[in-house]
Structure formats: structure tokens, C-alpha cells
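Hi there,

Here is the structure I promised to pass on to you. Have a look at it first, and then read my notes below.

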Amino acid sequence: QGFPCFQGRGQTTVPAKLMYKIAGDAESAIEWSSNDVRHAEVLGKERNRVDYYQYLNVPLLSDRHWFLRGYHEDHGDHLRFHWEKLDQGGPHSERFNHYTSTFPGAVEPIINVGAWVFRQVGETTKVRYYICTHPGGHIPDMMQSIGTERTLPHNLRDMFREGQRRWEISMQKSSSAQPD
């Protein structure tokens with residue numbers, strides 16, 4: 001739609017399957033994201049699909065919130081979690097009404113699509129993060145992409161830190177379970 005999209009890349013020694021699990025866990029972002037995610041709820045799951053809501057506190061601007069449908073996909077050589085906006089009149093209209101009345105000042109982004117892609121290459125996980133978002137609200141055109149451009153590196157860093165934290169915990173558990 002003529003709005004810029006962004007891509008971030010990185011790599012880690014955390015297994016792709018663990019990173020993929022984190023990417024699709026909307027509720028845990030409250031704990032590990034440096035963005036101020038104040039509320040998150042899984043609205044429903046079906047096969048490889050998850051519908052979810054997140055509310056983000058945004059300093060100096062209107063808060064943002066979104067209703068998204070995420071898809072878990074295993075393509076053999078890579079794992080992908082991608083999302084798109086969920087139709088407001090869809091299967092969760094009751095929750096939509098609840099959250100829009102609970103947070104009446106929050107703005108829903110006009111565009112919100114993206115993906116996390118994880119490719120295991122030996123001991124290394126190659127990570128790509130794609131995001132296309134239009135924040136909505138009364139933000140001047142020239143400023144609309146700056147927020148995404150600035151938060152993208154933080155999103156990657158946060159994901160890598162949480163992956164490393166969970167990986168270390170799983171390694172400690174597996175080493176403590178080994179007989180002496």
C-alpha cells in the first residue's frame with residue numbers, strides 16, 4: 001500500500017525451534033519485550049493458527065493495541081511465524097468490544113503484517129524479522145516509519161535475549177537430570 005516495510009536479520013546459537021516457539025507466544029511478550037506490552041491474551045487457537053490481542057503503552061503518543069491472527073508454519077528448511085490483522089467483526093467480536101471499551105484511547109494500527117523466520121544452519125539459527133505497519137492516529141507522515149525503524153533492532157535483541165534465557169534454563173534442567 002505504498003508504506004515502507006522493514007527487515008531485520010541476525011543469528012544465534014539458540015535452536016530455531018525454541019526461537020519459533022517464543023515468536024508465537026504473544027502472552028509472554030509482557031515479560032520479555034522491552035516495548036511496554038501491558039496486556040496480551042490468546043483469543044483462540046486452531047491447528048497452526050493463533051488469534052491474539054496485545055496492548056502497548058506508548059509514551060508521548062496514544063497507546064496502540066491490535067488483534068492479530070498468527071500462523072505457525074514448518075517449511076522443512078525453515079520455520080515461520082507470520083501475522084496479519086484480524087477482522088474486527090470476526091470470531092472474537094465480543095473481545096474486540098471489550099478491549100476497545102476498556103482502552104478507548106488506544107489506536108489500532110491501520111497496517112500490521114509481519115513475520116519471524118528461523119533457519120537452522122548447523123549450530124546457528126539464522127533469524128529474519130519482517131514488519132509492515134502503519135501506526136494510525138495523528139502521527140505526521142514523515143514520522144510514521146521512525147518508530148518501527150527504531151524499535152526493530154530492540155525487537156530482535158529482546159527475542160535473542162529471551163531465547164538465550166530459555167535455552168540456558170533448558171540446558172540447566174537437562175544437565176541436572178543426568179545421573180552422576
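Let's begin in the sheet: strand 3 and strand 4 run antiparallel to each other and are joined by eight bridges. Strands pair when DSSP finds at least two bridges between them, and both helices (H or I, at least four residues) and strands (E, at least two) are DSSP runs, numbered from the N terminus. Before going further, please note that this is a predicted model, in which local features need pLDDT of at least 70 and side-chain atom pairs count only at pLDDT 80 or more, while totals for chains, interfaces and linings use all residues. Numbering starts from 1 along each chain as its sequence is written, and side-chain values use heavy atoms, with hydrogens and water left out.

Back to the two strands: Arg-49 has Tyr-71 in strand 4 as its bridge partner. Six residues sit between the strands in this hairpin, where Leu-60 takes a positive phi near 70°.

Strand 3 also pairs with strand 2 (residues 36-46), again in the antiparallel sense, over nine bridges. Here Lys-45 is opposite Val-50 of strand 3. The hairpin of strand 2 and strand 3 has two residues between the strands, and Arg-47 has a positive phi near 50° there.

How enclosed is strand 3? Eight of the nine residues in strand 3 (residues 49-57) are buried, so the rest of the structure largely encloses it. Buried means under 20% relative accessible area, exposed over 50%, and partly exposed in between (1.4 Å probe, protein chains only).

Next, find Arg-69 in strand 4 (residues 64-74). Arg-69 counts as buried because its relative accessibility is 15%. Its side chain makes a polar contact of 2.7 Å with that of Asp-51; the term stands for a pair of N or O atoms within 3.5 Å, where within protein one must be able to donate a hydrogen and the other to accept it, and residues adjacent in sequence count only if both atoms are side-chain atoms. Beyond its neighbours within four places in sequence, Arg-69 is in contact (heavy atoms within 4.5 Å) with residues including His-82, Trp-83 and Pro-91.

Finally, there is one disulfide, meaning a pair of cysteine sulfur atoms within 2.5 Å. Cys-5 and Cys-132 form it, with their sulfur atoms 2.0 Å apart. Cys-5 is in strand 1 (residues 5-12) and Cys-132 in strand 7 (residues 124-134), so the bond ties together parts 127 residues apart in sequence. Cys-5 is partly exposed at 46% relative accessibility, whereas Cys-132 is buried at 18%.

Enjoy exploring!
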